[in-house]
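I opened my notebook to look through a structure that was new to me.

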Amino acid sequence: MSSPATGAATLAPRRSSRFVAWVRAWRAGLVPFDEVADEIAGDEEHLVADAPGTWTDVSLRDALPSLAKLSPDEIRLVLPAPGDPRGLPGPGDFAGAALLAGEAVVASGLGFVPEVRTHTSGSGMTWETVLWRVHPLPADAPRASLTAPGAAEAEAELAAALAETTAALTRLDVAQWRPELAGALAALRRPDGGTDLPPGFDPRSRRLFARAAVLDRVLALAGESAPGGAVNTFEAQQRDAALRPLTTACRQALVAACNAPLRP
């Protein structure tokens, strides 16, 4: 039976990674347009604000034609973090929104940033919608870097960071406040090879995405405050320091996998 952490780790990966992977595959002619919006959204409702040629929020399906003239390599995933703005096309509204969200899509002269909105019904039921806000990028803005680590380099860095972080968390006895993390981290050493990427991505990119997407969820859990106040401030600082290199490697692995060259 899977642990709570393992369950959390199988939730959907970052929305921008799905957006980039499926839109790139569509622009490469590898998947039909009719599938793209549904694959990106899954069970969620996705809307787009400020799409070119629109004056109100529209469905994701209605907004995607604005990208119909782009090549796959003009569509890039960026996962910036404070102190690590790699991939962002310089300062501005888009960069600020992307840093706040921790993810975004650069599509030639347009930037897409997801905003998750929580709604509550009169009966107390809650649900979420995703609003992709479109930001025009200046014509002279540098584009998302094409010199980011490739899949092979990112895979090696992720493996090294995972081993180092697992050892550090063991020394810190992280199991005393997050016992379910031990099973989740161990499971990452035995990825099943499954992938959520569309056709066109090579086996290495698929393997890298599968591992990094699961790890991304584990890190989100590991970074949360422990239930019952089991971690004091000093222990939390040690935990965060131990997780930081792995968090960076994980972000770069997702970027490398989703931005990898596509094969017909």
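My entries below go from the sheet to the aromatic rings and then to one glutamine.

**Entry 1: the sheet.** I am working with a predicted model. I looked up the strands first. I found 6 strands in an open sheet, ordered β2-β1-β6-β5-β4-β3. The pairing is mixed. Which strands sit at the edges? They are β2, residues 58-59, and β3, residues 75-78. Each of these pairs on one side only. I noted for myself that strands of a sheet pair through backbone hydrogen bonds, either parallel or antiparallel.

Entry 2: I then took β5, residues 110-120, and β6, residues 126-136. In what sense do these two pair? They are antiparallel, and I count 11 bridges between them. I picked out Glu115 and looked for its bridge partner in β6. The partner is Leu131.

**Entry 3: a helix across the sheet.** Next I followed helix α2, residues 15-27. This helix lies across β1 (45-49), β3, β4 (104-107), β5 and β6. Its direction makes an angle of about 165 degrees with β3.

**Entry 4: aromatic pairs.** How many aromatic pairs does the whole structure hold? My search gave 3. One of them is Phe19 with Trp132, with ring centres 4.7 Å apart. Their planes stand at 50 degrees, so I logged the pair as tilted. Phe19 belongs to helix α2 and Trp132 to strand β6. Buried or exposed? Phe19 is buried, and Trp132 is buried too. I also saw that Phe19 and Trp132 form one aromatic cluster with Phe112.

**Entry 5: around Trp26.** Another pair is Trp26 with Phe33. The ring centres are 5.2 Å apart. Trp26 is buried, at 10% relative accessible area. Phe33 is partly exposed, at 26%. Arg27 lies over the face of Trp26, 4.8 Å from the ring centre.

**Entry 6: Gln252.** Last, I looked up Gln252. Where is Gln252 placed? I found it in helix α9, residues 233-258. Its relative accessible area is 9%, so Gln252 is buried. Which residues does Gln252 touch, leaving out those up to four places away in sequence? I listed Asp84, Arg86, Pro149 and Ala154.

Notes: Residues are numbered from 1 along each chain as its sequence is written. This is a predicted model: local features need pLDDT of at least 70, side-chain atom pairs count only at pLDDT 80 or more; totals for chains, interfaces and linings use all residues. Side-chain values use heavy atoms; hydrogens and water are left out. Two strands pair if DSSP finds at least two bridges between them. Helices (H or I, at least four residues) and strands (E, at least two) are DSSP runs, numbered from the N terminus. Contact means heavy atoms within 4.5 Å. Axes are lines fitted to C-alpha atoms, for helices over the stretch in contact, and angles run from 0 to 180 degrees between N-to-C directions. Rings of Phe, Tyr and Trp (its six-membered ring) pair if their centres lie within 6.5 Å; planes under 30 degrees apart count as stacked, over 60 as edge-to-face and the rest as tilted. Buried means under 20% relative accessible area, exposed over 50%, partly exposed in between (1.4 Å probe, protein chains only). A charge sits over a ring if NZ of Lys or CZ of Arg is within 6 Å of the ring centre and within 35 degrees of the ring normal.
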